[in-house]
Amino acid sequence: MAMIEPFAGLRYDLGRVGNLSNVIAPPYDVIDGALQQKLYDQHPHNVIRLELTKAEAGEQEGEKYNRAGMLWKQMQLENIVRREGQPCIYVLHQQYEVEGQSYTRQGVFVRVRLERFGEGKIYPHEQTLSGPKEDRFRLMQAVHANLSPVFGLYPDATCEIQNKLNAAIERVLPVEASDHLNVISKLWPVHDASLIRDVKALFHDKPIFIADGHHRYETAIRYRDELIRKEGELPPEHPANFVLMALVGMSDPGLLILPTHRLVTGLSGITATQIQHILQPHFDVQFIGCGEAAGKDAWERMELDGTQDLLGFSTLADNQWLVARLRTKSLMDELAPMQSPAWRSLAVSRLHVIVLDYLLASIGKAHCRYVHLMKEVFEDQRQRASDLACLVPPATMQHVIDIAGALEKMPPKSTYFYPKLLTGLVFHSLK
């Protein structure tokens, strides 16, 4: 069962920093060097200086974390960020557009009691890497806070929890921030003790599936365990027993999982005819045509199909597009016998296991980059940067539930929950 609690968050004082949009940032793992510099230049107290501190020339390894810790202390002492006067939960709405269509994703910031994976009702769905976890741990040790939220999903077929929250903020003005992708985030603190009790009770028997922030979640557990090792058992309500989460209902109409298409190098000179010849023993292959119009046609066919059976391909050598429907589904049983049927049914699993790692292995070693929109695929083709573009339908929420709920990890880059949650709307102190 998920145990959620209100908390007295730390938030930017808008009287000190002005427009909230000038001090927020995306999470660290989607920030490149150019965006990092832009955010540094945007405001002297932009959260980027904590979330992704720039190393300075000549400094010792790890010194940037110490600087982040000192800046965080300074920001609190100077009331750049202020602690909420009482525990509350924070309703969040994110307004955004994808491919010309508008959405609003709705959720709530709370703190969630930490559980080890496999010991409770919090489920991961992605593999984690040691490097990012070490980086996040050193930062957490320096600032003693959750700067960025973990993104969690919970089942709520009728959106009962979010409807209660929305009713409470109906006539209240939010705090707003807009990011570099023009996503508008709106935040409402909710202090009503009765409503908070109702929300806690509704969450009590619900599982939580981590959509994004696996490294941050595992780092929070490591931070708590290290504190216990140094100081002994913590009181149950110690903030280090919790982690900051934004929770969104799985039935929220604004919850969108984008596809993650593969741009492949290492297959120099491969043609559409070769792809057809290699795939035909196991796929039904159909040529669509040349150029971007054919690419749009291929993707529209995949969207209308709505299954995990159809993949799209485009070859740099001849600019041809084709779609391929898996016919020999039993091949996945042979090539990935240790994985579950749900895992083997994923299009991204089939692409990697059957196509890239098995059928195309004789051509070369595939190396992938990842994009989410067709315009990004077309831009890559205009720059002639990849040998092969592979279109993949997005995983569904049911895949996340079936695979993560069985404590199995999905293949890398299986899901992309857009938009990312902003860092800087609210912080959770671990002291």
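**Sheet notes**

I began with strand E16 (residues 310-315) and strand E19 (residues 388-391), which pair in the antiparallel sense over 4 bridges. Strands here are DSSP runs (E, at least two residues) and helices are too (H or I, at least four), numbered from the N terminus; two strands pair if DSSP finds at least two bridges between them. One bridge I checked joins serine 314 to alanine 389 in E19.

I noted that this is a predicted model, where local features need pLDDT of at least 70, side-chain atom pairs count only at pLDDT 80 or more, and totals for chains, interfaces and linings use all residues. Residues are numbered from 1 along each chain as its sequence is written, and side-chain values use heavy atoms, leaving out hydrogens and water.

Next I traced the open sheet: 6 strands, antiparallel, in the order E15-E17-E16-E19-E14-E18. Strand E15 (283-290) and strand E18 (367-371) are the edges, each pairing on one side only.

**Cysteine notes**

How many disulfides does a search of the whole structure find? I got 0, a disulfide being a pair of cysteine sulfur atoms within 2.5 Å. For cysteine 290, the closest cysteine sulfur is in cysteine 390, 17 Å away, so it is too far for a bond. Cysteine 368 is in no disulfide either, with the sulfur of cysteine 390 nearest at 6.7 Å.

I also looked at exposure (buried is under 20% relative accessible area, exposed over 50%, partly exposed in between, with a 1.4 Å probe and protein chains only). Cysteine 290 is partly exposed at 47%, and cysteine 368 is partly exposed at 22%.
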